[in-house]
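User: Walk me through this model. I will ask what each label rests on, and I want cut-offs with the answers.

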Amino acid sequence: GLFMIFAYPALTEKNLESLLPDNFDEEQKKAIDLIKSYKGINEKGMTVLEVIEQTILDKYPDEKIFDDEDTSADILVNKLDENDSGVTHTVIFLFHAQDQSIEYGWNVNIDTLDIFPLDTDSRKIQQTVDYFD
């Protein structure tokens, strides 16, 4: 009984992953998982999703932001037409809390497993993953 009294609050805390939808087809899931699980050029350290989550937690240090009922997250996946760019999909992570939105996006190639950040903030996330062990 004592274990549950102390452990229960920690077990029920939400994280970024718990807010994200998972109703995607197999190809979309592959594109999303490629971003979420990317561990950098050396395959060590934190994943992109972990760095995004930590960045959000750092922005709201005094709150359990993922537990707030007004906090939401979404993923947008767009399959791109075949072309010579080497990109098959665009994946955008959206996070909304306290009237602020945060967006990170990547172009991906699900065949070669390459990811390409769409903007400066996404590039910073990827560089943190690439160079932080």
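**Labels and cut-offs**

User: Why are strands β2 and β3 called paired?

Analyst: Strand β2 (residues 89-97) and strand β3 (residues 100-109) share nine bridges in the antiparallel sense. Two strands pair if DSSP finds at least two bridges between them, so β2 and β3 qualify. One of the bridges joins Val91 to Trp106 in β3. Helix α4 (residues 48-59) packs on the sheet and touches β2 and β3. The direction of α4 makes about 165° with that of β3.

User: What are the ground rules for these values?

Analyst: The model is predicted, so local features need pLDDT of at least 70 and side-chain atom pairs need 80 or more, while totals for chains, interfaces and linings use all residues. Numbering starts from 1 along each chain as its sequence is written, and side-chain values use heavy atoms, with hydrogens and water left out.

User: What makes a stretch a helix or a strand, and how are angles defined?

Analyst: Both are DSSP runs numbered from the N terminus: helices are H or I with at least four residues, strands are E with at least two. Axes are lines fitted to C-alpha atoms, for helices over the stretch in contact. Angles run from 0 to 180 degrees between N-to-C directions. On that scale helix α5 (residues 120-131), which lies across β3 and β4, runs at about 70° to β3.

User: What is the strand order in the open sheet, and which strands stand at the edges?

Analyst: The four strands run β1-β2-β3-β4, with antiparallel pairing. β1 (72-79) and β4 (114-117) each have a single partner strand, so one side of each lacks a neighbour in the sheet. The twist averages 25° from one strand to the next.

User: How many bridges join β1 and β2?

Analyst: Eight, in the antiparallel sense. Val77 has Val91 in β2 as its bridge partner.

User: Why is the pair of Phe66 and Phe95 called edge-to-face?

Analyst: Rings of Phe, Tyr and Trp (its six-membered ring) pair if their centres lie within 6.5 Å; planes under 30 degrees apart count as stacked, over 60 as edge-to-face, the rest as tilted. The structure holds two aromatic pairs. Phe66 and Phe95 sit 5.8 Å centre to centre with 70° between the planes. So the pair is edge-to-face. Phe66 lies in the loop between α4 and β1, and Phe95 in strand β2, 29 residues apart.

User: How do you know whether Phe66 and Phe95 are buried or exposed?

Analyst: Buried means under 20% relative accessible area, exposed over 50%, partly exposed in between (1.4 Å probe, protein chains only). Phe66 has 3% and Phe95 has 4%. Both values fall under 20%, so both residues are buried.

User: What makes Phe93 and Trp106 a pair?

Analyst: Their ring centres are 6.4 Å apart and their planes stand at 80°, so the pair is edge-to-face. Phe93 is in strand β2 and Trp106 in strand β3, 13 residues apart. Both are buried.

User: What makes the largest nonpolar core a core?

Analyst: A nonpolar core is a set of buried Ala, Val, Leu, Ile, Met, Phe, Trp, Tyr and Cys residues joined through side-chain atoms within 4.5 Å. Here the largest has 32 residues. Ile56, Val91, Phe95, Trp106 and Val108 have the most contacts inside it. α2 (16-19), α3 (26-36), α4, β1, β2, β3 and α5 each supply at least two residues. α4 gives the most, with five.

User: How do you know that Ile35 is buried, and what is it in contact with?

Analyst: Its relative accessible area is 0%, so Ile35 is under the 20% limit. Ile35 lies in helix α3. Contact means heavy atoms within 4.5 Å. Leaving aside neighbours within four places in sequence, Ile35 is in contact with Val48, Val91, Phe93, Trp106, Val108 and Ile115.
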